[in-house]
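Biologist: Please walk me through this model by question and answer.

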Amino acid sequence: MFGKLFGRGEGGPGADPHALPAPRRKNGTYALRALGDTRVLAVVEAADAGDWEAVRTALAPFDLGRDHHVLGQLADLDGVQDWIGRAVEEDEEHRALALLISGARHVNWGWEARTSARAADVTREQWQIFHERLRVAERQLFEAAELRPDWITPWRRLLTSARGMSLGSPVAEVRRDAALRRDPLDLEVHLEWLSQLQPRWGGEPGEALEYARAAFAAAPDGHRLGCAVAMAYIEEWVESDDSACLQRPAVRAELRQAAERSILHRAYERRLGWQGDYNIFAMALSLAGSSTASNVFRELEGAYTEWPWTYMSEPQKAYARFRKAF
């Protein structure tokens with residue numbers, strides 16, 4: 001039934017004409033490439049070739065000012081930083097778009113230099129490169145936001161850079177509010193704020209979960225903001241010394257209810273990138289030992305997204321292990 005409803009069948013009237021064929025599965029799983037979409041793959045391939053004109057053409061179906069998922073594909077792509085600066089300088093007509101892509105890439109490129117090591121283990125040279133790249137990102141993202149006041153994606157990325165540069169809560173709150181004025185229910189902005197509220201970034205224990213609950217309570221049934229609750233619990237697991245901290249009946253019940261009112265609700269719309277929402281719930285429900293995880297894994301049909309499994313060692317193997325267990 002779901003294959004027909006959501007276009008995952010092999011051909012037929014319900015099939016998604018833009019769906020990439022699933023690659024050969026290893027242990028029944030596969031890493032989702034280019035959001036599983038042929039149009040996004042065209043964007044990625046053009047960017048990998050450094051062809052700005054082809055990138056612009058391939059981006060025609062998308063609005064990068066609001067589409068965090070497609071922008072994320074470019075921000076994650078190594079090598080974009082080598083050519084996007086020319087587009088910023090030479091393509092006045094599309095300057096805002098080039099600035100947005102360059103700024104988003106520089107945020108990620110900065111974090112790549114810093115690595116995920118503890119702050120005490122990051123070298124002085126790594127800190128210097130990290131901050132140099134984030135300063136470039138800040139300048140470019142602010143200019144993109146000025147050129148296109150309707151865009152939300154620059155503000156989401158500016159939240160990430162503010163955290164990396166330790167600009168403090170007042171600055172971050174201004175950026176959060178600027179983003180949420182453009183869309184109060186934007187999941188990616190709320191997830192950025194969940195990160196800001198973690199104890200490792202100066203927040204109080206339990207603060208992020210309460211924020212996630214309030215955000216989801218304000219959303220209609222079937223909205224993907226339920227992922228904020230799931231992600232808040234994953235973050236609690238990351239912060240805890242107890243690997244079984246989520247395996248309490250109350251946590252399992254809340255996560256099940258959140259899944260049923262969001263991604264498993266009949267009103268949920270599987271838009272581009274929906275597999276990421278399901279992966280967030282798959283990990284949270286698995287950590288809680290909830291049987292609802294089986295429903296989520298079944299709908300994914302083995303599609304694995306790196307986030308949020310990167311919190312585990314050997315992320316794809318962890319995904320496969322939990323999938324088999326449920």
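Biologist: Among contacts between residues at least 6 apart in sequence, what percentage join residues at least 24 apart?

Modeller: This is a predicted model, in which local features need pLDDT of at least 70, side-chain atom pairs count only at pLDDT 80 or more, and totals for chains, interfaces and linings use all residues. Residues are numbered from 1 along each chain as its sequence is written, and side-chain values use heavy atoms, with hydrogens and water left out. A contact is a pair of heavy atoms within 4.5 Å. Among contacts in the protein chain between residues at least 6 apart in sequence, the share joining residues at least 24 apart is 65%.

Biologist: What is the radius of gyration of the protein chain?

Modeller: The chain has 17 helices and 2 strands, taken as DSSP runs (H or I of at least four residues for helices, E of at least two for strands) numbered from the N terminus. The globule rule, 2.2 Å times the number of residues to the power 0.38, is compared with a radius taken over C-alpha atoms. For 326 residues the rule gives 20 Å, and the chain is close to that, so it is as compact as a globular protein of that length, with a radius of gyration of 20 Å.

Biologist: What percentage of the residues in the protein chain is buried?

Modeller: Buried means under 20% relative accessible area, exposed over 50%, and partly exposed in between, with a 1.4 Å probe and protein chains only. Of the 326 residues in the protein chain, the buried part is 50%.

Biologist: Are H2 and H4 roughly parallel or roughly antiparallel to each other?

Modeller: Axes are lines fitted to C-alpha atoms, for helices over the stretch in contact, and angles run from 0 to 180 degrees between N-to-C directions. Those of H2 (residues 38-48) and H4 (residues 68-75) come within 10 Å and cross at roughly 25°. Angles under 35 degrees count as roughly parallel, over 145 as roughly antiparallel, 65 to 115 as roughly perpendicular and the rest as oblique. H2 and H4 are therefore roughly parallel.

Biologist: Which residues of H4 meet H2?

Modeller: The H2 side of this contact consists of Val40, Val43, Val44 and Ala47. Facing them in H4 are Val70, Gln73 and Leu74.

Biologist: Which helices do the buried residues of H5 pack against?

Modeller: In H5 (residues 80-90), the buried residues are Val80, Gln81, Trp83, Ile84, Ala87 and Val88. They pack against H2, H3 (52-58), H4 and H6 (95-114).

Biologist: Are H11 and H12 roughly parallel or roughly antiparallel to each other?

Modeller: The axes of H11 (residues 207-217) and H12 (residues 226-239) come within 8 Å. Their crossing angle is roughly 170°. H11 and H12 are therefore roughly antiparallel.

Biologist: Which residues does Leu64 touch, not counting residues up to four places away in sequence?

Modeller: Leu64 lies in the loop between H3 and H4, and is buried, with a relative accessible area of 4%. Not counting residues up to four places away in sequence, Leu64 touches Leu59, Val70, Leu71, Leu74, Leu97, Leu100, Ile101 and Thr153.

Biologist: What distance separates the C-alpha atoms of Ala288 and Arg248?

Modeller: Ala288 is in H14 (residues 274-288) and is buried, with a relative accessible area of 0%. Not counting residues up to four places away in sequence, Ala288 touches Leu246, Gln247, Val251, Arg252 and Leu255. Ala288 and Arg248 are 40 residues apart along the chain, and their C-alpha atoms are separated by 7.1 Å.
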